[in-house]
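Welcome! Here is a short tour for anyone meeting this structure for the first time. Keep the view open beside the text and follow along.

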Amino acid sequence: MAHTRSSLLMVFLFSFWHLSEASAVMKLMNSDTHSCKKCLILLTKEQTSIFFRASGRVIMLEVRFGGAVFLLMLAWKWVPMTESAIGVNWGTVSFHKLKPSTVVELLKDNKIPKVKLFEAEHAVLKALMGSGIQVMVGIPNEMLPLLSSSPAASDLWVHQNVSAYMGKGGADIRYVAVGNEPFLKSYNGQFENLVVPAIQNLQQSLVKANLARSIKLVVPCNADAYGATVPSQGAFRPELTQIMTQIVEFLNSNGAPFMVNIYPFLSLYGDGDFPQDYAFFEGTTHPVTDGFNVYTNVFDGNYDTLLAALSKLGYGHMPIVIGEIGWPSDGAIGANLTAAKVFNQGLINHVLNNKGTPLRPGSSPMDIYLFSLLDEGAKSTLPGGFERHSGIFYFDGKAKYTTFDTPEGNDSVALDLSSMGKGEAWVNGQSIGRYWIMFHDSKGKPSQSLVTVRR
């Protein structure tokens with residue numbers, strides 16, 4: 001079933017030195033009967049994971065001693081494998097790089113099932129071996145001249161960067177991304193004629209390595225490769241029509257999806273007249289009407305513009321993967337923590353409810369990769385200062401915001417804070433008060449422990 005529950009955002013700020021070395025347990029309870037849900041608590045010195053079973057689904061909450069953990073992607077545990085999966089882009093352009101093994105643990109702790117890499121880094125791929133995380137390995141644009149002209153170079157690249165990390169206990173590599181937005185207008189056609197011969201050579205290299213069935217080649221495209229005044233009129237840029245026809249024919253014949261990067265933030269950032277609410281998923285006062293179809297957010301409009309463009313080539317059925325999408329938390333007007341949190345949560349809810357779009361109802365993108373996992377402080381700021389602040393985690397791995405979805409139903413929930421020290425609880429941006437749980441009553445129990453959250 002689709003994910004159709006209401007969201008409840010909770011952020012807890014506590015004096016961590018008062019935390020009990022026992023479990024920091026948050027119990028979801030029915031406030032009327034106070035009957036606690038069944039739960040399993042996994043406790044280590046660094047974190048407590050609480051698993052609740054509600055309506056036949058498993059909910060995981062985590063409390064970390066020393067910082068919040070990012071729980072935005074909680075719904076992944078609930079989604080059937082036939083539905084969309086949410087992954088992340090893992091970039092490494094940073095002055096303060098975390099150890100790859102630390103990042104892999106971060107991915108695993110937060111149940112992130114898929115990761116997209118911008119290039120094949122030995123230490124990163126080695127750390128991903130045996131992790132169970134599905135991997136997409138990227139090839140930078142700068143390698144396209146060599147790989148498009150030399151089958152031997154293509155064979156060597158596959159051997160060194162794919163085959164070497166696979167096998168029993170190896171990395172679960174599923175895709176190779178050929179280039180990174182090679183058709184971007186600002187490149188002035190520099191890579192346009194290199195992509196098709198490169199994917200042809202790489203496909204033959206995968207065949208030789210007996211990997212062609214398990215690994216698919218994709219070409220991450222920027223949304224400026226197509227356009228229209230309304231979605232139903234979508235078409236690829238004229239100079240790309242022949243190349244795109246070759247690419248989608250190749251993708252279709254090899255069972256690979258079409259990959260596109262969509263950035264509603266850039267639509268807002270680059271156009272002072274762009275309606276801000278149209279960039280999000282909360283509804284808009286500026287809908288776009290296209291015949292009988294009405295669009296309330298730019299993501300759906302952009303997505304359907306691509307579908308129309310593919311349909312004009314005869315491939316309107318192509319599965320779509322969103323290679324990059326996200327919202328920065330700093331570095332530009334409109335880039336802040338609140339906006340990033342609202343956008344990312346809205347996107348995930350929008351995708352997981354499987355509502356689809358007007359041109360493809362009842363069907364979400366095959367996969368979506370959030371941009372990005374970590375802030376990258378060494379990235380160029382020529383596009384804008386926001387380039388360094390696109391992570392859902394700070395560069396050191398600390399979460400920027402913490403959210404989780406409540407179980408189905410309209411009943412109130414209660415939080416048991418009895419093992420916490422003094423602190424303040426916030427729900428949906430509103431403080432619900434401070435708590436002084438270390439003060440005990442005459443029976444030795446905390447004088448204050450439960451807080452009811454009404455819905």
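## Two asparagines with positive phi

N210 sits in the loop that links α5 (195-208) to β11. This is a predicted model, and in it the phi of N210 is near 60°, a positive value in a residue that is not glycine. Most residues other than glycine have a negative phi. Is N210 buried or exposed? N210 counts as exposed, because its relative accessibility is 70% and the cut-off for that class is over 50%.

A second case is N354, which has a positive phi of about 60° and is not a glycine either. You will find N354 in the loop between α9 and β19 (356-357). With a relative accessibility of 23%, N354 counts as partly exposed.

The loop between β21 and β22 (404-405) is worth a stop. S372 is found there, and a cis peptide bond with omega of about 0° joins F371 to S372. Most peptide bonds are trans.

Y394 has its place in the loop between β21 and β22 as well. Together with L337 and F395, Y394 makes a nonpolar surface patch of about 240 Å². Y394 is partly exposed, at 33% relative accessible area, so it passes the limit of over 30% that patch residues need.

## The open sheet

Now look for an open sheet of 9 strands, paired in parallel and ordered β11-β10-β9-β8-β7-β21-β18-β15-β12. At its edges are β11 (216-218) and β12 (220-222), each of which pairs on one side only. On average, neighbouring strands of this sheet are turned by 25° against each other, direction ignored.

Strands of a sheet pair through backbone hydrogen bonds.

## Helices across the strands

Helix α1 (residues 100-109) lies across β7 (85-90) and β8 (114-117), and runs at about 160° to β7. Helix α9 (residues 337-352) lies across β7, β18 (320-325) and β21 (367-370), at about 170° to β21.

## The whole chain

Stepping back, the chain has 9 helices and 26 strands. Of its 455 residues, 53% count as buried. Among contacts with a separation of 6 or more, 67% are between residues 24 or more positions apart. The accessible surface comes to about 20,300 Å², and carbon and sulfur atoms account for 53% of that area.

Terms used. Residues are numbered from 1 along each chain as its sequence is written. This is a predicted model: local features need pLDDT of at least 70, side-chain atom pairs count only at pLDDT 80 or more; totals for chains, interfaces and linings use all residues. Side-chain values use heavy atoms; hydrogens and water are left out. Two strands pair if DSSP finds at least two bridges between them. Helices (H or I, at least four residues) and strands (E, at least two) are DSSP runs, numbered from the N terminus. Axes are lines fitted to C-alpha atoms, for helices over the stretch in contact, and angles run from 0 to 180 degrees between N-to-C directions. Contact means heavy atoms within 4.5 Å. Patches are made of residues with over 30% relative accessible area and no salt bridge: like charges are joined within 9 Å, nonpolar side chains (Val, Leu, Ile, Met, Phe, Trp, Tyr) within 5 Å. Accessible areas come from the Shrake-Rupley method with a 1.4 Å probe; for residues, only the protein chains shown count as cover. A salt bridge is a side-chain nitrogen of Lys or Arg within 4 Å of a carboxyl oxygen of Asp or Glu. Buried means under 20% relative accessible area, exposed over 50%, partly exposed in between (1.4 Å probe, protein chains only).
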